[in-house]
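Work through these exercises with the structure open beside you. Try each task before you read its solution.

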Amino acid sequence: MQPISGAVRLVLVAGISFACFLAGSFCPRAAQASEVTPEVDSANRINYAGRQRMLTQQIARNACFVMAGIDPDRYEGKTKTAALQFETSLIGLRAGNANLGLLPEQDQGVLESLVAVEGLWTTFGPAARQIAAGDLHSVPMRQMIELNMITLARISETLQRIVSLHGRQAFDKDLART
């Protein structure tokens with residue numbers, strides 16, 4: 001191997017640095033909280049709160065498929081993914097998450113409602129994950145079955161609070177009922 005001369009090394013370093021600069025310019029980057037406007041926050045908040053209702057039902061359905069022995073490997077993964085999405089969104093709705101386009105919630109009523117959902121989730125989420133992993137003991141099965149509809153009802157109430165607070169200007173309230 002031939003040693004690289006100082007001039008060639010300098011050109012290589014400059015070329016690699018420039019290539020990294022260009023590549024970095026086109027790569028997506030995490031959003032900053034300062035980039036999340038109140039309008040974007042409101043739209044995202046309504047979207048994520050609505051998705052929570054759907055995820056609640058997907059988690060229960062997928063765990064039921066595991067309990068029934070229907071393609072358990074597939075539905076284990078789907079349950080875990082939906083549970084992670086639910087958890088991430090729930091935390092983001094309360095505390096904010098720039099990557100989700102959410103600012104921290106300021107309304108005390110919405111915060112109380114989200115804390116109530118978090119309280120249910122502390123049992124519902126682990127029970128669903130336990131079932132998804134194939135642990136079919138009666139306790140997690142009963143917990144998931146009992147808390148599914150309660151969690152759904154509570155997240156629906158939370159969505160209505162969020163819509164009434166954040167959806168005044170740019171959101172059709174009838175859409176939240178779907």
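A contact means heavy atoms within 4.5 Å. Among contacts in this protein between residues at least 6 apart in sequence, 72% join residues at least 24 apart. The model is predicted, so local features need pLDDT of at least 70 and side-chain atom pairs pLDDT 80 or more, while totals for chains, interfaces and linings use all residues. Residues are numbered from 1 along each chain as its sequence is written, and side-chain values use heavy atoms, with hydrogens and water left out.

**Exercise 1. Find the overall pattern and say what share of the residues is buried.**

Step 1. Helices (H or I, at least four residues) and strands (E, at least two) are DSSP runs, numbered from the N terminus. The protein has five helices and zero strands. Along the sequence this reads α-α-α-α-α.

Step 2. Sort residues by relative accessible area: buried is under 20%, exposed is over 50%, and partly exposed is in between (1.4 Å probe, protein chains only). Of the 178 residues, 33% count as buried.

Step 3. Now take the surface, using the Shrake-Rupley method with a 1.4 Å probe, where for residues only the protein chains shown count as cover. The protein exposes about 10400 Å². Carbon and sulfur atoms supply 61% of that area.

**Exercise 2. Describe helix H3 and what covers its buried residues.**

Step 1. The expected span of a helix is 1.5 Å times one less than its number of residues. H3 has 24 residues and reaches 34 Å from first C-alpha to last, close to the expected 34 Å.

Step 2. List buried residues. Among them in H3 are Tyr75, Thr79, Phe86, Gly92 and Leu93. Their cover includes H2, H4 and H5.

Step 3. Check both ends. Asp71 sits in the loop between helix H2 (38–68) and helix H3 (72–95). Its phi is positive, about 45 degrees, although Asp71 is not a glycine. Most residues other than glycine have a negative phi. Asp71 is partly exposed, at 40% relative accessible area. Just after H3, Gly96 also has a positive phi, about 90 degrees.

**Exercise 3. Which residues of the largest nonpolar core touch the most other members?**

Step 1. A nonpolar core is a set of buried Ala, Val, Leu, Ile, Met, Phe, Trp, Tyr and Cys residues joined through side-chain atoms within 4.5 Å. The largest one holds 29 residues.

Step 2. Ile59, Phe86, Leu90, Leu93, Trp121, Phe124 and Met144 touch the most other members. The elements giving two or more residues to this core are H2, H3, helix H4 (108–132) and helix H5 (138–166). H4 gives the most, nine residues.

Step 3. Look around Leu93. Leaving out residues up to four places away in sequence, its contacts include Arg45, Tyr48, Leu102 and Leu114.

**Exercise 4. Classify the ring pair of Phe65 and Tyr75.**

Step 1. Rings of Phe, Tyr and Trp (its six-membered ring) pair if their centres lie within 6.5 Å; planes under 30 degrees apart are stacked, over 60 edge-to-face, and the rest tilted. The whole structure has three aromatic pairs.

Step 2. The centres of Phe65 and Tyr75 are 4.4 Å apart and the planes are at 35 degrees, so the pair is tilted. Phe65 lies in H2 and Tyr75 in H3, so the pair ties together parts ten residues apart in sequence.

Step 3. Phe65 is partly exposed at 25%. Tyr75 is buried at 10%. Elsewhere, Phe86, Trp121 and Phe124 form one aromatic cluster.

**Exercise 5. Which residues are linked with Arg45 in a network of salt bridges?**

Step 1. A salt bridge is a side-chain nitrogen of Lys or Arg within 4 Å of a carboxyl oxygen of Asp or Glu. A search of the whole structure finds seven.

Step 2. Arg45 bridges to Asp41, with the closest N and O atoms 3.0 Å apart. They are four residues apart in H2, so about one helical turn separates Arg45 and Asp41. Arg45 is buried at 0%, and Asp41 is buried at 5%.

Step 3. Asp41, Arg45 and Glu105 are linked in a network of salt bridges. Glu105 lies in the loop between H3 and H4. Glu105 is buried, at 6%.

Step 4. Arg154 and Glu157 form a salt bridge at 2.6 Å. Arg154 is partly exposed at 24%, and Glu157 is partly exposed at 40%.
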